[in-house]
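Student: I'd like to take a close look at one part of this model with you. Could you walk me through it once I point to a spot?

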Amino acid sequence: MACGELRADHVGTEVVLAGWVANRRDHGVVRFVDLRDRYGLIQLVADEDAPAAGMEGLSGLHPEDVIQVHGVVRMRVEGQRNPERATGDVEVLVQRVEKLSSAVRLPFEIADHIDVPEEMRMQFRYLDLRRPALQQRMALRTRANQAIRQTLVDAGFWEIETPMLTRSTPEGARDYLVPSRVRPGSWYALPQSPQIFKQLCMVGGVDKYFQIARCMRDEDLRADRQPEFTQLDMEMSFVDEEDVYALVEQVMAAVYQEVLGTELALPLPRMPYAEAVARFASDKPDLRNPLEVVDLAGCAEALEFVVFNKVLADGGWVRGLRIPDGGRLSRKQINVIEAAAKDAGAGGAAWCKVTAEGPTGPLSRFLKVGAEETPVDCPVGIGNLSVAGADFLRCLQARPGDLVVTIADHPRRAMVALDAVRRKAGELMDLVQGPDQLLWITEFPLFEEGEEGEFHPAHHPFTCPVLEDVPALEGGQKAGIRSRAYDLVLNGTELGSGSVRIHQRALQETIFKAIGLAADVAEERFAFLLEAFRYGAPPHAGFAIGLDRLYALLFGAESIRDVIAFPKTATGSCPLTGAPSVVDESQLRELGIRQDSANPNEA
RNA sequence: GGGGAUGUGGCGCAAUUGGUUAGCGUACCAGACUGUCGAUCUGGUGGUUGCGGGUUCGAGUCCCGUCAUCCUCGCCA
């Protein structure tokens, strides 16, 4: 029997409990100790009904000592019960106590209400893990993983483990490298994802594969990024997008049911990438935020605003957001929105408040009526507008009381800035409410356009293009070529992505050519995969979900570090073990590696 | 690699324009106490103010450097 499981049903039973001393309350002739194990807390008591051994056993204990007690469960009398605790109706009258191990003074208290620096929580993670909040997240994580496995195994999937020591592929993130002792000068790489192996599984006739896989990328970190993280990786043969959507939706529904106890409404909504960008200036829109972007290209020119006209002439975006009732935002709050746009890389944000007397704010002078004109009669009651100004606000469907924020910039920067403005305005206006919004973003572009107008592949080179775009692709076009790649988005966060893969050699060669990967280079880097595809490759498609991020969102954790048992810091170090660390010179010698003498670790 | 924030007993915080022996809460230790449950009461231990320089009669406070942590941009096919 465990501490946290005792209830009124157990009254009268003799129990042997073991756990950690969570708290002591010593009244001299009555002593209480709260004993904690993974299942919860139980109050131990020694009073005049307890034998001397019990009374003595409960004295001289220190916080976090590990003890075993023999005792009898008894009902607490009315008025002494603690409804705050699951075990609060009962207590254990102690017969004898055995101290299994004692604890020195702890660096922090084991209680959820104590605020502890994160670095210290990581350094003493084994103590942090004793705290109920973190334990609950580990329990939830176990159940969610189990729900995933159950769903996939029931659907006929095999769980296949792929190598951790594999071959470096220069694309994508930096690899973590591992030297080979047996073959000096050669290196393994830790997998950035099991991508290639899962495709090989498909060629191998494993038509339904999944794995809860660790992935490693040697890149700088963020609150939602760790050097090693966990993905749910899936792949299927003889399927198309629809099968992947259906499967992933089933998995998500199972996780929602298990973790939150809620039904996920299926099927999930879908939105092509182009629509998401046009309406929300994002490939991962938060649909809880009702604000939408308006393209002002058609009605901005007549304003004779130099910045707008210059951007339009250069092929840039002039787009804006109407924030209903945003007129109530203070100048300070609008500055915050403007700062968000600037942080995102835009030169600025031109805005105006709309009132019955006319527009106010930086943009207003381009909208107001000139001295010798007569104001336009505006049907929604905005005063003092020029013809072009009225047209501009009509595009935005602005009404008195609104705030209008516009961004003019290169498309790439404008998009990021509009997204930032939309998020910030949604936050300030308290618009982001309601149930979770999961959706599919489909038909991602095959190529991304950089700041200088150059194109580079948006995904790995095995992503299948949309078939009707292939002729244009063969003709050398890159802009607007769609791929059969898709993302799953939750409340403005990308949870995962996947694609239909290329399984035909001719198309693969077209893609290699289009992304500027010479045939011989491609052959060298992906020789084994391309070779495999020669022996009969099934059409296949897959998906991968970042579980740390998903769980952090579902469990209400602030950081993915709070859903990982042993996380690392923002510089990839582990305060608990001291990793990464210097190693013995002899270890390096054995590996045939000579360390740069400038290495600061030597000092 | 860039930018920002933080760093004072174990933990959370304070310390006037640079000015006495660096305070408070909590935890911890000891004692007291008949029912507590984040017990209470009394007493006590505990500090190289992240580290290294500098300015000054005098530095927790000002300056320079450095380290660590967090956030963020770049980066993460």
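Student: In which loop does histidine 503 lie? Please take a close look at that residue, and then go on to the helices.

Tutor: Happy to! Keep in mind that this is a predicted model. Histidine 503 sits in the loop that runs between strand 21 (493-500) and helix 14 (505-514). Its relative accessible area is 24%, which makes histidine 503 partly exposed; the cut-off for buried is under 20%. Leaving aside residues up to four places away in sequence, histidine 503 touches Ala537, Pro538, Pro539 and His540. Valine 306, by contrast, is 197 residues apart from histidine 503 along the chain, and 51 Å separates their C-alpha atoms.

Now to the helices. Helix 4 (residues 132-154) has 23 residues and spans 32 Å from first C-alpha to last, close to the 33 Å expected at 1.5 Å a residue. Among its buried residues are Leu134, Arg137, Met138 and Arg141. The buried residues of helix 4 pack against helix 3 (125-128), strand 9 (208-216), strand 10 (228-237), helix 6 and helix 17. After helix 4 comes glycine 156, with a positive phi near 95 degrees.

Two of those partners, helix 6 and helix 17, also meet each other. The axes of helix 6 (residues 241-259) and helix 17 (residues 547-555) come within 11 Å and cross at roughly 40 degrees, so the two helices are oblique to each other. Their crossing is right-handed. On the helix 6 side, Met252, Val255, Tyr256 and Val259 meet Leu550, Leu554 and Phe555 of helix 17. By class, that contact has seven nonpolar residues, with no polar and no charged ones.

Conventions
Residues are numbered from 1 along each chain as its sequence is written. Chains are lettered from A and ligands numbered from 1 in the order in which they are written. This is a predicted model: local features need pLDDT of at least 70, side-chain atom pairs count only at pLDDT 80 or more; totals for chains, interfaces and linings use all residues. Side-chain values use heavy atoms; hydrogens and water are left out. Axes are lines fitted to C-alpha atoms, for helices over the stretch in contact, and angles run from 0 to 180 degrees between N-to-C directions. Helices (H or I, at least four residues) and strands (E, at least two) are DSSP runs, numbered from the N terminus. Angles under 35 degrees count as roughly parallel, over 145 as roughly antiparallel, 65 to 115 as roughly perpendicular and the rest as oblique. A crossing is left-handed if the near helix is turned anticlockwise from the far one by less than a right angle, and right-handed if clockwise. Contact means heavy atoms within 4.5 Å. Ala, Val, Leu, Ile, Met, Phe, Trp, Tyr, Cys and Pro count as nonpolar, Asp, Glu, Lys and Arg as charged, and the others, Gly among them, as polar. Buried means under 20% relative accessible area, exposed over 50%, partly exposed in between (1.4 Å probe, protein chains only). The expected span of a helix is 1.5 Å times one less than its number of residues.
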